[in-house]
Amino acid sequence: MKAVVYKKPYELSLDKVPDPEITDPREIIVKVTSTAICGSDLHLYHGLVPHIPTDYVIGHEFMGIVEEAGKDVKKWRKGDRILVPFPISCGECEMCRARLWSHCIRSNTHGESGAIYGYGESYGGFAGGQAEYVRVPYADVNPIKVPEDLKDEQVLFLTDILPTAYWIVDVCGIKPGDTVAVFGCGPVGLLAQRCALFKGAKRVIAVDHVPYRLNFAREHNPGVETINFNETDPGEAIQEMTGGRGVDVVIDAVGFEAEPTNMAVSALAGMTRLGIPPLPGFRPEDQPALASVSAINWEVEAVRHGGTLGLAGVYGAKANGFPIGDIFAKGVTIKCGQALVQNYLDELLGYIREGRLRADDIITHNISLDDALDGYFKFSRKEDNCVKVVMHPH
């Protein structure tokens, strides 16, 4: 089959790889009809996720048709149309019984959290879904059936980014009348803004530095106010916009690649002074900030005393400069972690069917799996006004 595989940082390939096979009677094989590039896939693409084997199939946002079912699978049969949430959960361990699905003890013996499709050995080593077929473990626990009256694009983001956005809004306790700031206007940030409005927030302020994404936020989430952090300090601006009070809730939809690292800019300047040409294709604006907490410092400045900081963005490393003193002084509550996707699937599917909430309008690039590398290139470099890439293997 064809699949997107990891080679090394900044190098992926569309290769022919062996078809997946059932290795446990509780598994199914899914023929993938739609799969998406997630912002957290860029962390992997940029070489910031450890223990990614060469030629490893990536991707964790996918749905499709059941191709084959193991003999102990009771819920599914060949031909069923399903979507698969990104956390791999056994359904039986202490964490799963507590509905803390992304903390499953059994699915990942290699790391500190539950397993995730296509995210390397530290997250269980399961092959990902940016492929023609994928093996799905614990098949009776995690996937849900897709109603025939809904298109793939309408429900695909239930695999990750819509429940992630809704979960962080929910656990942060956003309620009618709240003022909310969302840092990041990528897919999760845009949907977090929308979910905050859906929950009744009176005011939502979006922060980013990419002009087309700020425009996208205003156009697709009417009423959202925006701040370009390249033009103004967002912490100070939000304090001024709220009369010195701060927002009730601030959501981080950025993670540890918050902005280009100053090290890359400094390196380029140093090479220029010494007359050393940079490597072909090197652009400092493409270089990730390693464990940057600049966004968190702004967020803590922006939130009110007794407010809540929600970290939906991925943080995968230790970092200096974490504002623990300011967090303590302000009495800020922090909510964070991998989203508990399975807890929200039925609720969100209902909202989609009723027309009360949607996510498909953030798709800017609908492409074949054959064009996956171009999709990664545009998404990573924020070219062609790219917000969300969906790929179709079949």
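Predicted model: local features only at pLDDT ≥ 70, side-chain atom pairs only at ≥ 80, totals over all residues.
## A network of charged side chains

Arg194, Arg358, Asp360 and Asp361 are joined to one another in a network of salt bridges.

## Salt bridges in pairs

Arginine 26 and aspartate 24 meet through their side chains in a salt bridge, with 3.0 Å from N to O. Arginine 26 counts as partly exposed because its relative accessibility is 36%, and aspartate 24 is also partly exposed, with a relative accessible area of 22%. Glutamate 225 and arginine 203 form a salt bridge with an N to O distance of 2.6 Å, and this pair links distant parts of the chain, since glutamate 225 belongs to strand β13 (residues 225-228) and arginine 203 to strand β12 (residues 203-208), 22 residues apart. Glutamate 225 is partly exposed at 27% relative accessible area, and arginine 203 is partly exposed at 24%.

How many residues apart in sequence are the parts that arginine 304 and aspartate 248 tie together? The side chains of these two residues meet in a salt bridge of 2.8 Å, N to O; arginine 304 lies in strand β15 (residues 303-311) and aspartate 248 in strand β14 (residues 247-252), so the pair ties together parts that are 56 residues apart in sequence. Arginine 304 is partly exposed, with a relative accessible area of 22%, whereas aspartate 248, at 7% relative accessibility, counts as buried, because buried means under 20% relative accessible area.

## Strand β3 and its partners

Strand β3 (residues 28-37) is largely enclosed by the rest of the structure, because nine of its ten residues are buried. With strand β5 (residues 61-69), β3 pairs in the antiparallel sense over eight bridges, and in this pairing isoleucine 29 stands opposite glutamate 68 in β5.

Strand β9 (residues 133-136) also runs antiparallel to β3 and is joined to it by four bridges, with isoleucine 28 standing opposite valine 136 in β9. A further antiparallel pairing, over three bridges, is made between β3 and strand β18 (residues 389-392), where alanine 36 stands opposite valine 390 in β18.

## The two sides of helix α11

Which residues of helix α11 (residues 345-354) are buried? Leu345, Leu348, Leu349, Tyr351 and Ile352 are buried in this helix, and they lie on the same side of α11 because they cover an arc of only 160° around the axis.

The buried residues of α11 pack against β6 (81-84), β10 (144-145), α3 (152-155), α4 (161-171) and α5 (187-198). On the face of α11 that is turned away from its buried side, the exposed residues Asp346 and Glu354 are found. Just after α11 comes glycine 355, which takes a positive phi of about 80°.

Phe322, Ile324 and Ile334 make a nonpolar surface patch of about 250 Å². Of these residues, isoleucine 334 has its place in strand β16 (residues 333-336), and isoleucine 334 counts as partly exposed because its relative accessibility is 31%.

Methods: Residues numbered from 1 in each chain as written. Heavy atoms only, no water. Patch = residues over 30% accessible without salt bridge, like charges linked within 9 Å, V, L, I, M, F, W, Y side chains within 5 Å. Areas by Shrake-Rupley, 256 points an atom, 1.4 Å probe, with all protein chains shown as cover. Salt bridge = Lys/Arg side-chain N within 4 Å of Asp/Glu carboxyl O. Buried < 20%, exposed > 50% of the residue type's maximum accessible area, 1.4 Å probe, protein only. Pairing = 2+ DSSP bridges. Arc of directions from axis to C-beta. Contact = heavy atoms within 4.5 Å.
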